[in-house]
Amino acid sequence: MSICSFKLQSASHLGLPAYSQSNFLGLGVGSLLPTECAASGRSIRNRRHEYRVLRALVNRDAGHCSYFVRRGISPSRRVSESGRRRQTLHRRKLMKSTCNVLEATEAPVIELEQPFLPWDVEPVGLKGQKRTDLRKILILGAGPIVIGQACEFDYSGTQACKALKEEGYEVVLINSNPATIMTDPEIADRTYITPMTPELVEKIMEQERPDAVLPTMGGQTALNLAVALSEMGILEKYGIELIGAKLDAIRKAEDRDLFKQAMNRIGVKSPPSGIATTLDECFQIAESIGEYPLIIRPAFTLGGTGGGIAYNKEEFEAICKSGLAASVCSQVLVEKSLLGWKEYELEVMRDLADNVVIICSIENIDPMGVHTGDSITVAPAQTLTDKEYQRLRDQAVAIMREIGVECGGSNVQFAVNPKDGEVMVIEMNPRVSRSSALASKATGFPIAKMAAKLSVGYTLDLIPNDITKKTPASFEPSIDYVVTKIPRFAFEKFPGSQPVLTTQMKSVGEAMALGRTFQESFQKAIRSLETGHHGWGCEKVKELDWDLEKLKYSLRVPNPDRMYAIYAVLKRGMTQKEVHELTFIDPWFIAQLGELIEVEEFLGMTSLTDLTKEDLYELKRRGFSDKQIGYATGTSEKEVRAHRIALGVVPAYKRVDTCAAEFEANTPYLYSSYDDECESSPNNKKKVLILGGGPNRIGQGIEFDYCCCHACFALQGAGYETIMMNSNPETVSTDYDTSDRLYFEPLTTEDVLNVIDLERPDGIIMQFGGQTPLKLAVPIQNYLDEFKPEAASGSGLVKIWGTSPDSIDAAEDRKRFNAMLDELGIKQPPGGIARSEEDALEIAAKVGFPVVVRPSYVLGGRAMEIVYSSDKLKAYLETAVQVDPERPVLVDRYLTDASEIDVDSLADAEGNVVIGGIMEHIEQAGVHSGDSACSIPTLTVSSHALSTIRKWTSELAKKLKVLGLMNCQYAITASDEVYILEANPRASRTVPFVSKAIGHPLAKYAALLMSGKSFRDIGFMEEVIPNHVSVKEAVLPFDKFQGCDVLLGPEMRSTGEVMGIDYGFDMAFAKAQIAANQKLPLSGTVFISMNDLTKPKVLPIAKGFSELGFNVLATQGTAALLDSQGIPVQRVLKVHEGRPHAGDMLANGQIQLVVITSSGDSLDQIDGRQIRRMALAYKVPIITTIAGALATLEAIKGLKQSPVSMVALQEFFEAEKV
């Protein structure tokens, strides 16, 4: 056997600890570090068959040498349990050999003595391997999108449904989230969009009688539900089996005490800790550990909910109380802090034959103390020594076996002490997790699909890899690139909350990027976030203006912008060693960032025309965007692009194939890099490029991904090749099998134009991905107009499909929109456009307070506010937005007591318009539509107002020349006057809800209309008014942001939504509330506190609750009014009036429902906020609007009168067809 040696620069160059310098072998088994030499990747990719190879990948600048050999074991060969090998199938074994000096410019390839025999023949005989005693399987979904549990579980649930149906099983799905692909009626055989409580799920089990329940695809929600169903005896009652993870395994992994005991049995270290179920026990454990800070981790919770880091006794008490309340079993783990240790994750799969494979290693750039969902992460792990990696592998396999995860995927998290390499396990998730979605997209290995197959009896060696078609699932993925994930945050949406990252997850989304080097993938990931940065550096960042002490604080305390503080201090000359000492980020990563600073300095001394072809290739391989290069060289992005293309510097697209090109794979999943060999192979078919929505954020989430997926499905059916471009690893749109081709790329002008130049599609769809692609519409249209690229199919020029960018701009530009409305005679609230503070004050004085103010061109009501005085308006203009001629602010009269209406409509190329759905908001105008509950059909809107709305919608769609979807929002006053608030000629976040409510896929219809079909062609000619009632309710993340108030307003704060469907509004609304985790009481005490404006309107609410048998509790002013009207009421003190007050009664469990409206004054900011936060903390339902209280009263009345019925989505529409 040949031996290869390399020149290895001193490991001290990287700042590594002395103990690891003699064994610095980098990534270890199953992982590759891409070299900055493009040649190394090519040399691997050109040797696709015959032998396993030794990959030697040299990072020339960092002196980082990593090598390993993978030795094949044929799929039929099993490893005996007695052997206890560190790996089961397809062992990758690191070659231990002496290093001699060798200068290498290209990765050497070394032939081994033993050839690997690939699956050249498709595997046969799978039938009979699966379980035949199961006929019907119930899949538990994840419910609404919340922080810590997002649309990655739509991805996993959808994959599971498809995989099990493919095997011939009947699939029943339960999920309360309408904005998911998995709840489309064709995905499962029976779909229940319903609350996920044990009592209601039992009713479905009684009706459906499934043979088994699969709980591992729905996150923590599904696991906790499965545990509850088992402990209540419901599974045993109906003879239903848990598959994927048994109850003992779930308990052992999720129960902190059982997990600790299990680790002790197998000799795996965990941090010194103790289990507590009371506050006293928490303090006893803290005393025994003996030092702060301490980590508090609640059991059976999601995204670290209720947990945190306590640096003193006061914080410790507050976090322990929160954690005990958040845990379903009132249990917390109090453990010694490992702050500063490095954190890693392994994605592991096991089958019923005890085969175990490691799918992916993931390294957190942020050290311990930051929730992994909030940390920047990199795959594969970059800074582990081989010994450390092997130790993690061994322990992960041992943990899987000890916990008893019989089959499926799990996530194991470790901490490694950078001083001596000591390893401790943090936790494991016995299910498909958030990291599983990331690992799936990072490697191309469909973890959820494989886990579903394993749950019904298959073993890893008998499941073919969909990507290679030549290897089994037991063949561990290898990747010859680096993947970087960066989270996105929304602290600005929650005034009063501190932008500090701890063990409780706070991010609302994430972006992922792939590159041949860490630097390339890191910079691509930053620009994928869409936060105004076009990479790391080569731009003006606010941190450059901070003083040194503020920068040091930002380095010490983890926060969303810490990377830019690192940039600022490195620019100022702080040493890399000092940065490491302040952040505990591994020196290797800091060295990589330091190199980017050096490159930026080089660019600053170089003109664009002096940059050679080689220079540009080097810059691009380090991830620099055209925008960054333009900034550094004093030129424009357009000039850089022209110079780059003139020199022939264009991206090459590489395939994600799970095997680092050992086998030829025709995967449709690609990413860009700057190599010579492009593997994309575009064709001349009719094709459409669909631009996705990028990372999730408040205001732009899964609903837009849903629309993009539907566009793919519809256009594939119409004969088009569909090309998806997106940067979000959580979504169904970035599944390898959703579109015909997937480009996992940032959604920027540069990156989109690169794909357009390569593919030359017939059409580009930009209206389905929210504001992200819409912002690109004008520059892309300008490019198409200037260069007129021809479609590869030969059918004409490349075009943007659907409503033109100019029409979209006309709807967004207030001046143009106003002129259009005047021409059509459509009324809107009086207002104007302010380009200065003086303009804003003048408009407000003219229309009268209160006014709604907001910046133009925003999504999710960003920085929108209702102000009641000139002083408040001045404060808004000073703190919330910058107002100038380039950034105008809209000032409109606020319509007090108006109801709000949402309308989704469609238009075809012939000028026909069809209403998709008219939704009536439950909350009155002034609450953002994304945060308001709404119903289809409308309940209280007059026929006159509906007629006006339909007429105006049609006229406006024709005037804007809409082609596809349009959303309009209207307000109706108490006098039945109708006003239009805004129009958006694009997909809206309500499209999935409306589609489920009416039984028609609006996004599919819109995509077909964009392709040139008419309403007649698709068979959708008129508005559908369903016989049932559908209610959408928002889910809000206030519990994650300490210090913020829970009031609803014009700025959107919800992260997700749920849906309730029934034949009456009361039960539909009740289902929606229960699904949103509002535990509606049927008896007890209602606390009511009204401001002066809403006091008269509370009378029917208080009277209604009293008639239902509730005790009514109220503060002085409200109590006096109720008493004067003969409504029984008990007076209670406000917080500032003395004790016992309403807060005391909340803490004592004496209040079951809170109805409170804010006065907005300084006293309410103290008293009112405290009561509202206490209700949230004690999980007491809280209602902050009159309309919401009235709807809740009706729902409770309905629940008291009749039981909740469970009806499958398919049944509603089957019944209406009869």
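The legends below describe close-up views of a predicted model. Local features need pLDDT of at least 70, side-chain atom pairs count only at pLDDT 80 or more, and totals for chains, interfaces and linings use all residues. Residues are numbered from 1 along each chain as its sequence is written, and side-chain values use heavy atoms, with hydrogens and water left out.

**View 1. An open sheet of 7 strands, with antiparallel pairing.** The order of the strands is S35-S34-S31-S32-S33-S36-S37. Strands (E, at least two residues) and helices (H or I, at least four) are DSSP runs, numbered from the N terminus; two strands pair if DSSP finds at least two bridges between them. Strand S35 (978-984) and strand S37 (1056-1062) form the edges, each pairing on one side only. On average, neighbouring strands of this sheet are turned by 25 degrees against each other, direction ignored.

**View 2. Strands S36 and S37 with helix H33.** Strand S36 (residues 1029-1035) is joined to S37 by 7 bridges, and the two run antiparallel. Lysine 1032 stands opposite methionine 1059 in S37. Helix H33 (residues 1065-1075) packs on the sheet and touches strand S32 (913-924), strand S33 (934-936), S36 and S37. Contact means heavy atoms within 4.5 Å. The direction of H33 makes about 150 degrees with that of S37; axes are lines fitted to C-alpha atoms, for helices over the stretch in contact, and angles run from 0 to 180 degrees between N-to-C directions.

**View 3. The salt bridge of lysine 342 with aspartate 586.** A salt bridge is a side-chain nitrogen of Lys or Arg within 4 Å of a carboxyl oxygen of Asp or Glu. Here the closest N and O atoms are 3.0 Å apart. Lysine 342 lies in strand S13 (residues 342-350), whereas aspartate 586 lies in the loop between helix H17 (576-583) and helix H18 (587-604), 244 residues apart. Both residues are buried, a term for under 20% relative accessible area, with exposed over 50% and partly exposed in between (1.4 Å probe, protein chains only).

**View 4. The salt bridge of arginine 814 with aspartate 892.** The N to O distance is 3.1 Å. Arginine 814 belongs to helix H26 (residues 814-824) and aspartate 892 to strand S30 (residues 889-893), so that the pair links distant parts of the chain, 78 residues apart. Arginine 814 counts as buried because its relative accessibility is 10%, and aspartate 892 because its value is 7%.
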